[in-house]
Amino acid sequence: MKKLLLAVSACALTVGAASAEDVKLGILIGFTGPIESLTKHMAAAAELAMSEVNASGKSPYTFVPVRGDSTCTDAAAATAAAERMITAEGVKGIIGADCSGVTRAVLTNVAMPNGIVMVSPSATSPALSADPDNGLFFRTAPSDAREGEVMADILTEKGVKSIALTYSNSDYGKGLAEAIAAAFTAKGGTVTINAAHDDGKADYSAEVAALAAAGGDLLVVAGYLDQGGKGIIQASLDSGAFSTFGLPGGMVGDSLPAAIGPGLDGSYGQVAQSDSPGAAILTEMGKTSAAPFDATSPYSMESYDGAALIMLAMVAAGSTDPNVYKDKIMDIANGPADGSGTKILPGELGKALELIAAGKPVDYDGASGVTLIGPGESAGRYKEFEIKGGKYETVKFR
């Protein structure tokens, strides 16, 4: 009889575990393209958040990741990948997209018509702040309008009087270049040239010749580290046009100094990243996870946070319907105005689920120190760095 009872009990537990509803979440980022060296870390971070929730046993949903390749730059490919996620895979939310142009295309052409929530960990174009989104779009990375101000501060503090500026011919590059130029000139600086470059070219000598002719104390490269931005820097060093470079977030990743070598030493810039308590926690979690990743790689912390916000909002709403749970995302991210929400850090998603189930408020701080403002975007902090010995060395956080 005892064996029979044990068997029945085990069966009941198995049935209970299996009764959790499977919910698919899309991870739509550029697994190929100009930031592909970053996206493996971004995807692993988002998937770690899902594994953490599933392992807690405290969610009525079992979350299943579905990867899709945005390519970062091909709007048609990103749109097709998003449509497949929704129509064929049945995802209930998307972490992504990554680069600003493809994010805007997916939001307008796929997410809004299908009523799907998107939380981008890395789309930073200021235009996204004003784009219509039906309350479906959020981002855990700050707008480039803020990065322009930060870069102008750094340049001014270093005594830079004039810059040549080149940008990727994309929504990301255009928006960031405009923000940098506006902020730097407002501080009395001079932009000698503000010129686009196309990604994927084999030869950037013509572009660099125009930049060199305009001159400047240094060259700011608002591009992509695995594509045109890298090519511009290499051509500048080869020709002697510039020896020091200002590097915004799209140019940050270990693959760049590995490709360029010692010539990049002494260059500097900034990238969206937090020094919050949660950042150190996720860094250690990434090292020991089943699929290890580098949480200090750009936008990895924001990817973990994007996935966490969607999952916690679903549980708080008691629904996987994006048009229902979207209204809980800001509540989860910021907590009550009176500050009564319990702070939630990486590794504490099970704790958050317990509090939500008990009707208690949470304030999701996550890895990137999440606070959402205005149209659902991050207030953001930035890490100022300098490249020394082929490594990005932190100067301070802003």
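Modeller: An open sheet of seven strands runs in the order E7-E6-E8-E9-E10-E15-E16, and its pairing is mixed. This is a predicted model, in which local features need pLDDT of at least 70 and side-chain atom pairs count only at pLDDT 80 or more, while totals for chains, interfaces and linings use all residues. Residues are numbered from 1 along each chain as its sequence is written, and side-chain values use heavy atoms, with hydrogens and water left out.

Colleague: What makes E7 and E16 the edge strands?

Modeller: Strand E7 (190-197) and strand E16 (391-397) each pair on one side only. Strands here are DSSP runs of E with at least two residues, numbered from the N terminus, and helices are runs of H or I with at least four.

Colleague: How do you know that E6 and E8 pair?

Modeller: Two strands pair if DSSP finds at least two bridges between them, and strand E6 (residues 162-168) and strand E8 (residues 218-222) have five, in the parallel sense. Ala164 has Leu219 of E8 as its bridge partner, and Thr166 stands opposite Val221 in E8. E8 and E9 also run parallel, joined by two bridges, and there Val220 is partnered with Gly246 of E9.

Colleague: Why is E8 described as largely enclosed?

Modeller: Buried means under 20% relative accessible area, against over 50% for exposed and in between for partly exposed, with a 1.4 Å probe and protein chains only. Five of the five residues of E8 are buried, so E8 is largely enclosed by the rest of the structure. Leu218, Val220 and Ala222 point one way from E8, Leu219 and Val221 point the other way, and all are buried.

Colleague: What makes a space in this model a cavity?

Modeller: On a 1 Å grid over the protein atoms alone, a cavity is a set of points where a 1.4 Å probe fits but cannot get out, and lining residues have an atom within 4 Å of a point. A search of the whole structure finds two cavities of 30 Å³ or more. Of the 13 residues that line the largest cavity, Cys99, Ser122, Tyr172, Tyr224 and Tyr299 are the closest to its centre. The second largest cavity has a volume of about 40 Å³, and its lining includes Thr140, Glu302 and Arg381.

How values were computed
1 Å grid on protein atoms, 1.4 Å probe; cavity = no way out; pocket = protein on both sides within 12 Å on 5 of 7 lines; lining within 4 Å. Points joined across faces, edges and corners; volume = space filled by probe spheres on them.
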